[in-house]
Every structure is written in C-alpha cells, then in structure tokens.
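Please read them with the structure open.

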Amino acid sequence: TSASRSDLERLKSEIDADRAEDESRLLIMCKAEIAGLETACELARKVEEELMEEREEKQRALAQLHATHTAIQNFNTVKQEKQGLIQTLVKQNSVASSRQTAQKTELVEYV
C-alpha cells in the first residue's frame, strides 16, 4: 500500500502542478486581455476628444454662418427701404421738374 500511497501522492502532486500551471496561464491571458482593453479604452477616449473638438469647431462655423445669414437679411431689408426712398425721391423730382416747367410756362405767358 505504500507504493499505492506514493503513486497517489505523486498523481496528486502532478494534478496540483497542472492546476497551478492552468491557473497561471489563465492569469496571464486575463492580464493580456485587460491590457488590450485598457489600450482600446484609451484609444476610444482620444477619438472621443477629437470628435468633441470637431463638433465644437462645426458649431462655431454654423454660428458664424447664421450670423452672416442674419447680416445679409438685415442688409437686404435696409437695401429695400433705401430703394423705396430713392423711388419716392425720383417721383417727387419728376413731379417737381414738371411743376417747374409748368410754372416757367405760366410765367412766360404772364409776362
């Protein structure tokens, strides 16, 4: 029985060694996976930062575009108002010129 006992102890030692080796292998694999995930996470953070910067830049450009559009609309409004004034002045000038011509004719006829 001492031979069987030593065989059992040897088998138990081998099983324990195999189990320890498997656990070491599993630990190494887990550490490698963690390192890969940490790298992927850091890369994702950098991409997020770049995207946020790009988004802010596009928002600034959009705000500038809106401001330019508003300025153009305001300019068009002022332009239309001034064109209306000019048309009124041209009509008044035309009427004044006709009236002046009529008054000259009346004056010449009177004299």
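**Notes on charge, shape and surface**

1. Charge first. The protein chain carries 16 positive and 21 negative side chains. The centres of these two sets are 11 Å apart. Please keep in mind that this is a predicted model.

2. Secondary structure is quickly described. The protein chain has 1 helix and 0 strands. Helix 1 covers residues 2-110.

3. How does the radius of gyration of the protein chain stand against that of a compact globule of 111 residues? The protein chain has 47 Å, whereas the globule would have a value near 13 Å. The box tells us about the outline. Along the principal axes, the C-alpha atoms fill roughly 160 × 15 × 10 Å.

4. Burial comes next. Of the 111 residues in the protein chain, 0% are buried. Buried here means under 20% relative accessible area. The accessible surface amounts to about 10500 Å². Carbon and sulfur atoms account for 58% of that surface.

5. Now the ion pairs. Side chains of opposite charge can pair when their charged atoms come close. How many salt bridges does the structure hold? The count is 5. I take up some of them below.

6. Arg 25 deserves a close look. Its salt bridge with Glu 21 has the closest N and O atoms 2.5 Å apart. The two residues, Arg 25 and Glu 21, are 4 residues apart in helix 1, so about one helical turn separates them. Arg 25 also forms a salt bridge with Asp 22, and there the closest N and O atoms are 3.2 Å apart. Arg 25 and Asp 22 are 3 residues apart in helix 1, again about one turn of the helix.

7. Are these partners buried or exposed? Arg 25 counts as partly exposed, at 42% relative accessibility. Glu 21 is partly exposed too, at 44%. Asp 22 is likewise partly exposed, at 45%. The class of partly exposed runs between the 20% limit for buried and the 50% limit for exposed.

8. A further salt bridge joins the side chains of Lys 58 and Glu 54, at 3.3 Å from N to O. Why are Lys 58 and Glu 54 separated by about one helical turn? Because they are 4 residues apart in helix 1. Salt bridges that share partners also link Glu 21, Asp 22 and Arg 25 into one network.

9. Lys 58 is exposed, with a relative accessible area of 54%. Glu 54 is partly exposed, at 40%. The cut-off for exposed is over 50%, so Lys 58 passes it.

10. Which residues gather in a patch of negative charge on the surface? They are Glu 48, Glu 49, Glu 50, Glu 53 and Glu 56. Glu 56 is found in helix 1. Its relative accessible area is 40%, so Glu 56 is partly exposed.

11. Leu 43, Val 47 and Leu 51 form it, with about 280 Å² of accessible area together. Val 47 lies in helix 1. With a relative accessible area of 38%, Val 47 is partly exposed.

Note on methods:
Residues numbered from 1 in each chain as written. Predicted model: local features only at pLDDT ≥ 70, side-chain atom pairs only at ≥ 80, totals over all residues. Heavy atoms only, no water. Patch = residues over 30% accessible without salt bridge, like charges linked within 9 Å, V, L, I, M, F, W, Y side chains within 5 Å. Areas by Shrake-Rupley, 256 points an atom, 1.4 Å probe, with all protein chains shown as cover. Salt bridge = Lys/Arg side-chain N within 4 Å of Asp/Glu carboxyl O. Buried < 20%, exposed > 50% of the residue type's maximum accessible area, 1.4 Å probe, protein only. Lys, Arg positive; Asp, Glu negative; His and termini not counted. Charge placed at Lys NZ, Arg CZ, Asp CG, Glu CD. Rg over C-alpha atoms; globule rule 2.2 N^0.38 Å.
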